[in-house]
Amino acid sequence: MGNKMPSLEEELFPSTPGKFKIERSHHMNRQIYRCFTSSSTVFLWTLFIIALTASYISFQSFIDSGSRYLSASWGGIQWEKQVRSSAQIHRHGGMSVLVTGAAGFVGSHVSTALKRRGDGVVGLDNFNDYYDPSLKKARKALLETHGVFIVEGDVNDAKLLAKLFDVVAFTHVMHLAAQAGVRYAMENPHSYVHSNIAGLVTLMEACKTANPQPAIVWASSSSVYGLNDKVPFSESDRTDQPASLYAATKKAGEEITHTYNHIYGLSITGLRFFTVYGPWGRPDMAYFSFTRNILQGKPITVYRGKNRVDLARDFTYIDDIVKGCIGSLDTSEKSTGSGGKKRGPAPYRIFNLGNTSPVTVPTLVNILERHLKVKAKRNVVDMPGNGDVPYTHANISSARRELGYKPTTDLQTGLKKFVKWYLSYYGYNNGKLVN
Ligand SMILES: O=C(O)[C@H]1O[C@H](OP(=O)(O)OP(=O)(O)OC[C@H]2O[C@@H](n3ccc(=O)[nH]c3=O)[C@H](O)[C@@H]2O)[C@H](O)[C@@H](O)[C@H]1O
């Protein structure tokens, strides 16, 4: 009877202090030990899992960056050095310009002109095969002799754009990278969405985030006038009736850039180019492909409009366009935002850059025949419903007033220069192929 069963409380907290001490400390030690061993196990396991996750993530990013450096042609100390040196400004009050589409027709000419007068220029081009990439490589090689470095990459590559803005505080972006061509849009519609819409948005995102934000000048197109039949075309005319997907993406570009101007304070100038031609031009364009076919004795297809009316274009010579581009860069005011925040209103401008004297396509062929001294084999067909418009004619009074734009080259003179370049580039001597 004397052996009373200890209560739970007594077992845990016995009344004899010494015992309590011993018992308690012994018990507590066991508890603490148990507790410690279990929490240390958890702790160690947690540490182990964190370490494992961290090493997995860093391994992944190592693989990612490794493969990026292996597959992409950008990045690294040497690359950054080339970018910085190309962006170097060599005149007082000069600018540093990122030229997208720098290996393209207009891009290569604008880049050369900027570099010549002492501005910093970094090119960006994806060298796609819409037309012979060897012509783009040749333009690149020529630009290198002028000290312009072209980064091989796409405007859809946000990481590359961020890197470029990280390496150089560009004051301006001359955005000329695009999927060009009116009729090709029926063959490959998605390439227009990829370059002219998605690529433009990616570039705008990079520009709005950049600090300082650059001012942007970019290539829209005369094709935005679409079915508008009020001539000459003025910037305030209707542009809501595009005749091709190409035109629709350029018009969308005007709206997209307007949004970035409105929300983020980006300074925007959109240039509506009118059928630009000249040396180092685009082989997909009529004057270029006609020249090739005439010299090779192949027939050319000349489209004709409704009621047998000849098609006509306000053909504009490349040097005039370059002056318009540079005038736009020089007069564009600064963007007002920084770090993605607007600080005040910024300018939003649109200009026609044309020649103001439309010429019919058959007249274009006559001029080429004279310069080439070869008769064309013409195949005249009714214009298929492929996105073409019958006639373009620019009213350039805004550009004249605000940019000092004044075209000086007529089609006859401009084509003479083109033919001279064509013959020497493709190795013709007196019209005969020499290599
Ligand atoms: O101003 C623009 O915004 C656009 O200009 C240019 O488009 P277009 O004016 O269509 O130039 P281009 O193809 O040289 O055809 C010229 C004429 O030849 C006719 N044409 C064409 C090909 C052919 O085989 N036969 C023919 O008669 C044809 O019907 C047309 O009447 C740019 O390519 C474009 O990217 C965009 O920048």
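Predicted model: local features only at pLDDT ≥ 70, side-chain atom pairs only at ≥ 80, totals over all residues.

Visitor: Let us begin with the ligand; how many residues surround the ligand, and which are the closest?

Guide: A shell is read by listing its residues and then asking where they come from and what class they belong to. Here 18 residues surround the ligand, and the closest are Ala180, Ser221, Met285, Ala286 and Tyr303. Strand β8, residues 299–304, supplies the largest share of that shell, namely three residues. By class, the shell around the ligand holds 10 nonpolar, six polar and two charged residues.

Visitor: Which residues does the domain annotation cover?

Guide: An annotation comes from a record, and it can be set beside what is computed from the coordinates. The unreviewed UniProt entry carries the annotation "domain: NAD-dependent epimerase/dehydratase" for residues 97–333. Over residues 97–333 the chain is 42% helix and 18% strand, with the end C-alpha atoms 14 Å apart.

Visitor: Turning to helix packing, are α7 and α8 roughly parallel or oblique to each other?

Guide: One reads the angle between the two axes first, then the handedness, and then the residues that meet. The axes of helix α7 (residues 189–209) and helix α8 (residues 245–264) come within 10 Å and cross at roughly 15°. Angles under 35 degrees count as roughly parallel, and α7 and α8 are therefore roughly parallel to each other. The crossing in which α7 passes α8 is right-handed. On the α7 side the contact includes Pro189, Tyr192, Val193 and Lys208, while among the α8 residues that they and their neighbours in the list meet are Leu245, Tyr246, Ile256 and Tyr264. By class, this contact of α7 with α8 has 13 nonpolar, four polar and two charged residues.

Visitor: At what angle do the axes of α6 and α7 cross?

Guide: The axes of helix α6 (residues 158–167) and α7 cross at roughly 30° and come within 10 Å, and the crossing of α6 and α7 is right-handed. In this contact Ala158, Leu161, Ala162 and Phe165 of α6 meet Thr202, Leu203, Glu205 and Ala206 of α7. The residues of the contact of α6 with α7 divide into six nonpolar, one polar and one charged.

Visitor: And how are α9 and α11 placed, roughly parallel or oblique to each other?

Guide: The axes of α9 and helix α11 (residues 361–372) come within 10 Å and cross at roughly 45°, and α9 and α11 are therefore oblique to each other. The crossing of α9 and α11 is right-handed. Ala286, Tyr287, Phe290, Thr291, Ile294 and Leu295 of α9 meet Val361, Leu364, Val365, Leu368, Glu369 and Leu372 of α11. By class, the contact of α9 with α11 has 10 nonpolar, one polar and one charged residues. Ala286 of α9 is also among the residues closest to the ligand.

Visitor: Finally, where in the backbone is the peptide bond cis, with omega about 5°?

Guide: Most peptide bonds are trans, and most residues other than glycine have a negative phi. A cis peptide bond with omega of about 5° joins Asn211 and Pro212, and Pro212 lies in the loop between α7 and β5. The bond from Val231 to Pro232 is cis, with omega near -10°, and Pro232 is found in the loop between β5 and α8. As for phi, Trp280 has a positive value, near 65°, and Trp280 lies in the loop between β7 and α9.

Conventions: Residues numbered from 1 in each chain as written. Near = placed C-beta within 6 Å. Helix = DSSP H or I, 4+ residues; strand = E, 2+ residues; numbered from the N terminus. Nonpolar A, V, L, I, M, F, W, Y, C, P; charged D, E, K, R; others polar. UniProt positions renumbered as here; feature names shortened; annotations may be inferred. Axes fitted to C-alpha atoms, helices over the stretch in contact; angles between N-to-C directions. Parallel < 35°, antiparallel > 145°, perpendicular 65-115°, else oblique. Left-handed = near helix turned anticlockwise from the far one by under 90°. Contact = placed C-beta atoms within 7 Å.
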